[in-house]
Amino acid sequence: MKTEILMPSLSPTMEEGSLAKWYVSPGDKVKPGDIIADIETDKALMEYESIEEGTILDLLVEEGTENIKVNSLIAIIETEGSEGIEQKKDIDLNQNEPALFDKSDQTSQVKTEANVISRVDDKEKNHQELNENSSTKQLTVREAINSAIAEEMKLDENVFLMGEEVGEYQGAYKVSQGLLEEFGSNRVIDTPITEHGFTGLAVGAAFSGIRPIVEFMTFNFAMQALDQIVNSAAKTNYMSGGQINCPIVFRGPNGAAARVAAQHSQDFASLYASIPGLKVIQPFSAEDTKGLLKAAIRENNPVVFLENEILYGKSFPVNISDDQVIPIGKAKTVSIGKDVTIISYGIGMLHTLEANIKLKELGISAEVIDLRTIRPIDFETIIESVKKTNRCVTVEESFPVCSIGSYVGSQIMIKAFDYLDAPVLNCTGKDVPMPYAENLEKAALTSPDEIISAVKKVLYKN
Amino acid sequence: MKIPTTSKKELLELYNKMLLIRRFEEKAGQLYGMGHIGGFCHLYIGQEAVVVGIESIKKTGDQNITSYRDHGHMLACGMDPKMVMAELTGRSTGYSKGKGGSMHMFSKSEGFYGGHGIVGAQVPIGAGIAFANKYKNNGNVCFTYFGEGAANQGQVYETFNMASLWSLPVVFVIENNQYAMGTSIVRASSTEEMFARGVAFNIPGKAVNGMDVLEVSKEASNAAEHCRSGKGPFILEMKTYRYRGHSMSDPAKYRTREEVQKIREEKDPIDTLRSLLIEKYKISEKEFKTIDGEIKAIVTESSDFALNSPEPNIEELWTDIYAD
């Protein structure tokens, strides 16, 4: 019985990978648990174990082949009779199972997103003044964070990184790759799984004048440490009459990734944004990520720096030089328009920019503002834009109740009431815990279609 | 104290359950690779003796609660493999109607209180279930599982204090598989003696060979007896090992392939029991083949059931947010 071996998906967000090494050749016998290949993604190199017992008949991709799509055929194994029946079923299911088609849809979806980014980048180039002293290079958000940390650690020996798996494991999401080698274990510190404990410890260190960067494996786990972030880090400067400040960065992925369900998929932007004493940043592009993280590390107050796992692997042109920082508290007008202002931040920008391409095709001219900093919010840029367009839609992935969008809407009402021609509409995640099932997860997030529909509504178009 | 499992029938039951978990997890790994299971998926392969041994001495009404490495616990406590696999694949027929996934599954009827995604968070919850047992005076014990990595979370010690102070019927089962994700116990813990973590709270503890289902079963029975007699909590440190990565996306570069291979060859809980069955009850190769076939059929049935089940209806997005 011939059994097909398919390119496996080895992480929630993997769509393709490289076949780094074959451990078997045609004619070799394998049993369950035998390692047959090394599969490499942008995140990791992983061993791929056989779960079949049989003989390798054929290897269909050569060692070193890159960009192999998940679920494409990579090898064929001859398996024994009775077991073969079951395995055959797998293949049949594999061929007929609708989820597979969903998967390929997903891939094309991501392709679309990539196109969006490159098209957006073209726009950014048109709108932004290029820094003459800097050269443009392509960076992923992951590399942007890594280089921002490395550069700041080189500049200031008081800056150090601490968190779970940041050192020897090279980061759960490979953000801190190489930093242990470069800076040593006194400055890149692996902690036990004890968020409340190591956050408190880092806050104490910051009170004493050194500058911790605390990585949370995800901000979902920072809930364990919320007391130290809110009650200790944010408030002590005030309570001490300005004697004890807390120069610390809390950073890590925040918001929904892919199919990790309710306890691992939440956007905490509005939660942290409500706390006086904190500064909160949630960037979108690699350039903003890098420049703002550098600013955060140099900041003398606690900064909550919210990243996004899906954005880590996205690539953007970066126009800033190594020593350049982007000021906290300044929004960026990404696209100039006259009909409506769309305000977003973080991964919400991905949906917004995709929607904006379609809006253009519909003849609607949208001004797109990326908030970048969530606390303090740059209302000057927002109000100026709304006074021009008279309409506003906000976009974010967080829950709708007490969202950033609802606060922005209320401030627009207070500061530009006479300029509004329509109510401010909020596109947000749905008011439900994040479901696991693929179809429900998709429905729980906001989408370009929702944004387009909201824009039409504020323009009173069908 | 009698050793609760010695008969051929009982030993075979333990063997079957461990094998079911092993084969089910291998299938889950395969379905993950094919994209049918999404998100995070933490396999229990290697640790089967822990949960199977403990479940074998549970009394009706006893509960268990664990972390996100939970598939084995569900299968061991009698939950339906079909519905577990359906949840893993996000289908409407799953235990949480497709809304929970691998890390968040529950069955109140089987006394399984999850399936928790946040490291260590299940520990005070488990003590709370034990608190309710004492409150209701029902004689039940809550087995609260967590890893040696979670044992460093602060709330574990707040829980130890209350559980001892109030003599709660809770067995804290520390599944020490030696690696908290990629960090070995020596790199994360000031002491390797997890069973002694309750000393400051007057909670007795014992280290157990978690690769030997009979030893697990015996010590779990003693611990549960301790709780039922009103003496309060007990800590069992199960020395075990996971063969696969922390989750499917773990490249596992923090240990050598040889280390894993050595444990598989020398300490595998299923092989160990298999040898005992051959030695003590002269089970033949043919009988083992039959068992293999039966287990494989259950696993195949569960994946067929899951993959042929529909996704949840889109209206389910809005249900179950509040109880009626």
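## Chain A against chain B in a predicted model

Three salt bridges link chain A and chain B across their interface; a salt bridge is a side-chain nitrogen of Lys or Arg within 4 Å of a carboxyl oxygen of Asp or Glu. This is a predicted model: local features need pLDDT of at least 70, side-chain atom pairs count only at pLDDT 80 or more, and totals for chains, interfaces and linings use all residues. Residues are numbered from 1 along each chain as its sequence is written, chains are lettered from A and ligands numbered from 1 in the order in which they are written, and side-chain values use heavy atoms, with hydrogens and water left out.

### The interface between the chains

One salt bridge pairs the side chains of A:Glu168 and B:Arg187, at 3.5 Å from N to O.

On the chain A side, the elements that give two or more residues are β5 (45-49), α1 (81-96), α2 (98-127) and α14 (438-444). Helix α1(A) gives the most, with seven residues. Helices (H or I, at least four residues) and strands (E, at least two) are DSSP runs, numbered from the N terminus.

In total, 63 residues of chain A are in contact with 61 residues of chain B. Contact means heavy atoms within 4.5 Å. The two chains bury about 5,200 Å² between them, and carbon and sulfur atoms give 55% of that area. In chain A, the residues that lose the most area to chain B are A:Tyr169, A:Ile193 and A:Tyr436, together 13% of what that side buries. Buried area is the accessible area (1.4 Å probe) that two parts lose on being put together, summed over both.

### Domains 1 and 2 of chain A

Chain A is assigned domain 1 (2-96), domain 2 (135-318) and domain 3 (330-458). The bounds come from an automatic or database domain assignment. The table sets out the pairing of domain 1 with domain 2.

| Domain 1 of chain A with domain 2 of chain A | Value |
|---|---|
| Distance between centres, over C-alpha atoms | 37 Å |
| Residues in contact | four of domain 1 with nine of domain 2 |
| Buried area | about 540 Å², 55% from carbon and sulfur atoms |
| Salt bridges | zero |

### Nonpolar cores

A nonpolar core is a set of buried Ala, Val, Leu, Ile, Met, Phe, Trp, Tyr and Cys residues joined through side-chain atoms within 4.5 Å. Buried means under 20% relative accessible area, exposed over 50%, partly exposed in between (1.4 Å probe, protein chains only).

The largest core has 78 residues. The members that touch the most others are A:Val188, A:Leu293, B:Phe146, B:Phe160 and B:Phe172. Helix α3 (residues 141-155) of chain A supplies the largest share, seven residues. Domain 2 and domain 3 of chain A each provide at least three residues. Apart from this core lies another, of 70 residues, among them B:Met18, B:Ala223, B:Ile270 and B:Val299.

Leaving out residues up to four places away in sequence, B:Phe172 touches a set that includes B:Val123, B:Phe146, B:Phe160, B:Ile203 and B:Leu236.

### A buried asparagine

B:Asn176 sits in strand β3 (residues 170-176) of chain B. B:Asn176 counts as buried because its relative accessibility is 4%. Its side chain makes a polar contact with the side chain of B:Glu237, at 2.9 Å. Beyond four places in sequence, the residues in contact with B:Asn176 include B:Glu148, B:Ile185, B:Met194 and B:Lys239. B:Gly210 is 34 residues away from B:Asn176 in sequence, and 8.6 Å away from C-alpha to C-alpha.

### Backbone exceptions in chain A

Most residues other than glycine have a negative phi, and most peptide bonds are trans. A:Glu165 has a positive phi, near 65 degrees. A:Glu165 lies in the loop between β10 (159-163) and α4 (179-183), and is buried at 3% relative accessible area. A:Arg372 also has a positive phi, near 60 degrees. Its place is the loop between β19 (366-370) and β20. A:Arg372 is buried, at 7%.

A cis peptide bond joins A:Arg375 and A:Pro376, with omega about 0 degrees. A:Pro376 lies in the loop between β20 (373-375) and α12 (379-389).

Technical notes: A polar contact is a pair of N or O atoms within 3.5 Å; within protein, one must be able to donate a hydrogen and the other to accept it, and residues adjacent in sequence count only if both atoms are side-chain atoms.
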